[in-house]
Amino acid sequence: MQFMLLFSRQGKLRLQKWYVPLSDKEKKKITRELVQTVLARKPKMCSFLEWRDLKIVYKRYASLYFCCAIEDQDNELITLEIIHRYVELLDKYFGSVCELDIIFNFEKAYFILDEFLLGGEAQETSKKNVLKAIEQADLLQEVSNTGLHPESFVNPSCV
Amino acid sequence: MPAVSKGDGMRGLAVFISDIRNCKSKEAEIKRINKELANIRSKFKGDKALDGYSKKKYVCKLLFIFLLGHDIDFGHMEAVNLLSSNKYTEKQIGYLFISVLVNSNSELIRLINNAIKNDLSSRNPTFMCLALHCIANVGSREMAEAFASEIPRILVAGDTMDSVKQSAALCLLRLYKTSPDLVLMGEWTSRVVHLLNDQHMGVVTAAISLITCLSQKNPDEFKTCVSLAVSRLSRIVSSASTDLQDYTYYFVPAPWLSCKLLRLLQCYPPPEDGAVKGRLVECLETILNKAQEPPKSKKVQHSNAKNAILFEAISLIIHYDSEPNLLVRACNQLGQFLQHRETNLRYLALESMCTLASSEFSHEAVKTHIETVINALKTERDVSVRQRAADLLYAMCDRSNAKQIVAEMLSYLETADYSIREEMVLKVAILAEKYAVDYSWYVDTILNLIRIAGDYVSEEVWYRVIQIVINRDDVQGYAAKTVFEALQAPACHENMVKVGGYILGEFGNLIAGDPRSSPLVQFNLLHSKFHLCSVPTRALLLSAYIKFINLFPETKATIQEVLRCDSQIRNSDVELQQRAVEYLKLSSIASTDVLATVLEEMPPFPERESSILAKLKKKKGPGAVSVTELEDNKREGGELNGGGDRGPDTAAMAASNASTPSPSADLLGIRSAAPVGAPPASTGSLLVDVFSEAGPAAPSAAVNDDGFLSSAPPSEDPAPPLSEADELLNKFVCKNNGVLFENQLLQIGIKSEYRQNLGRMYLFYGNKTSVQFASFTTTVSCPGDLQSHILFVPLCSETKPSNRITQWKAITSSLSP
């Protein structure tokens, strides 16, 4: 995957994850153009389109568009399911996630994404394991808030 | 609400975000942001050291502002400081900031790398993962330099936790993609392959992406992965849906892993080992079988996951291209999808079939679906799906269905999206040429193309139709007639005028017998479009007019009248003016013989690769001809034309050739559109496409049979007769190079260059006999005044060997003002 964008129906960007090195200017340009292209699509159209030399896979969940750019040889259908899995993770974590959750807890959305995808590839496809990792981190933070040194915390097993 | 209470919920941040959302206008938003930025700046600069929580909060606010789209130019130092905190959330925010706002300050980079190093060696898996995520997100060269050797060690070490292995694998992948030279193969590679057998499915999932990428660049190193991948895939495909527990997705076992395994296998040819191959074929058949079974769930996620595996398996079957049975089954499966309810599946089926169409085993099977595809082209509401259908028609086209497919594509073109028209035009042109049995059909198709989508018909396309008409006697009359009729339409596209003008200029005589297309009628028809056309087209028309004068002497007076009028000979465009003036003169002073020779019919073009294919390939991925093939021809052509014992003169001469505006070089108009440096097709050799954009820059001089290095214009143009000395001399009025004198024994040529008041002249002496000249001397007499201005320097006098191109020259320098 080259990048993932989440944006509202008004075109406001809620999350941007870039897996290829690009300048800020290029990122802004791509975002502008792609958001326009996707928002212009009608509801019954298919979830894939060709844009520049990439394939775009997108799906709308309530008021948010999830949009991924993949390379020519990547599998479109499985990317659709990556999007769905990410939404499931957010949903489980926030409890019935909505756009506001992602706005106010944007940093958490990035952390969850990093546990699921890394470098554009699926890292862990078990929903349980990803959520456990996030919870573990939250637990750590709880512990550190109560003054215990994190290194004294026994190594959690993630399996 | 999340399971764990988020005690770190930064209230200040939440308030700030609310404020921003409540701003009624862009100005208000910017104002609020600037206020906050000023606040944060003062807090960072302040004397009181900030505590970790505040730092984290402010850094997070900065991040939020940046993600809104505003520029942030401070805060990096504070973010880096957060990295060394031992509070997890502070570290986390610090890492997030620096991976989003990448900074190239070397001091910061050093500090960041240090922090990462500490976390990597901390033995705390959560911290290690944070560090690895950061490296994977940033992937800079400096990080690669610092960590590219450490990470493989972490990956294969026995005591590394699974979650860390997963992150390490993908982190290494990122580093490899951005700095492949820094990731060196080592003993870790064989152990990485064995991760395919790991009992933790997540580790396998992550490792396989790494292995896939590495094996593309180092196939031998990783080839043991094939059998491991096959066994893994086999185990997954035959597992019940309860076996894999949390790795089962909506009743589909490990779909992501299955797809990745199938992708990995596409990096290698079919396995040689019979057992492995058998197992794999069995796997693929199972996958194909499952597609026919009733679904275990109505949810779209289930069918997407199942079909994702199916499509990837079909890709593998296509890649192998060796199991006819599987290929046909795949084709049938795709055929079913072509009419599926779901648009996504129809789209993917069309896409997949394109690749199937090029396999000899399945090409016929694909063709059976032609009606469905044509129907899709006509009725699909989604333009992306229609485009895929058009692509598939192009791929499945062959002699048996070419006429039908071209007709469908033409009618599609009439209503097609503007963004895809140019590509469609190129494709139709290629198909029409490739499968033309009857060239009048070809001519019709191209003229239709111009009529329907004239704006998108690029130069390559209409050059090509002209090349073909010139080369094929049998279609010339038809072309003239058709073009004549097409031009009669009240509104016709400029490209049509170009083609029409050229063809009538060459072959108008073939239809001149009919009173409806008599010469004057033809001329009036062309001239009626004249004022509507752009300059290059008008230039072409002027050339057509002079050709008419040659073909139809009865039109001479009318045409001369036109050429004589002010709008031509005083035209503000230099090219048009020059042509009008010169053609007018040519028509008045040249004898009919000379005119006929000068305006002789265009000789056939040598066979060459179609530049249309090159253009299509440039626009879009795989084309019908490999690009390397085209490039080889060009390179070869350039070498052959420029090589041999021509010496350095060629380039210099060629350069001055290019700068000399000799009218006879583009007498026939068409070449004015081609790049100036287009090389002539020299006798006997090739295959350099005159109309291609990437042609060799320096034209080589044509070599005529005498073996003399003549600097005359490209050989395709009939050269003016050499008999008249006057004519030879006259041409030097406007040319710097050329043949000065010629008889049975000797040919003398001149090449001169001038710059302001300095000039230099080279004289070349060519021995036309088959015997050697001995004691060959030259004298140059400079009459009168010129004596003082000319410096005569004989360069070298050697006895001239017979029949060879010599480098014998005498240099004269003149200093005449």
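How much space lies in the largest cavity? About 320 Å³. This is a predicted model, where local features need pLDDT of at least 70, side-chain atom pairs count only at pLDDT 80 or more, and totals for chains, interfaces and linings use all residues. Residues are numbered from 1 along each chain as its sequence is written, chains are lettered from A in the order written, and side-chain values use heavy atoms, without hydrogens or water.

Start by selecting Glu115(A), Tyr88(B), Gln92(B), Leu130(B) and His133(B): of the 24 residues lining the largest cavity, these lie nearest its centre. A cavity is a set of points on a 1 Å grid over the protein atoms alone where a 1.4 Å probe fits but cannot get out, and lining residues have an atom within 4 Å of a point.

Next, colour α7(B), which gives the largest share of that lining, seven residues. Helices here are DSSP runs (H or I, at least four residues) numbered from the N terminus.

Now jump to Tyr86(A). Along with Ile116(B), Tyr86(A) touches the most other members of the largest nonpolar core, which has 276 residues. Such a core is a set of buried (under 20% relative accessible area, 1.4 Å probe, protein chains only) Ala, Val, Leu, Ile, Met, Phe, Trp, Tyr and Cys residues joined through side-chain atoms within 4.5 Å. Show the contacts of Tyr86(A) (heavy atoms within 4.5 Å), and you'll find Phe66(A), Ile112(A) and Phe116(A) among them.

Last stop: select chain B, where 55% of the 817 residues count as buried.

Definitions and conventions:
1 Å grid on protein atoms, 1.4 Å probe; cavity = no way out; pocket = protein on both sides within 12 Å on 5 of 7 lines; lining within 4 Å. Points joined across faces, edges and corners; volume = space filled by probe spheres on them. Helix = DSSP H or I, 4+ residues; strand = E, 2+ residues; numbered from the N terminus. Buried < 20%, exposed > 50% of the residue type's maximum accessible area, 1.4 Å probe, protein only. Lists of a residue's contacts leave out its neighbours within four places in sequence.
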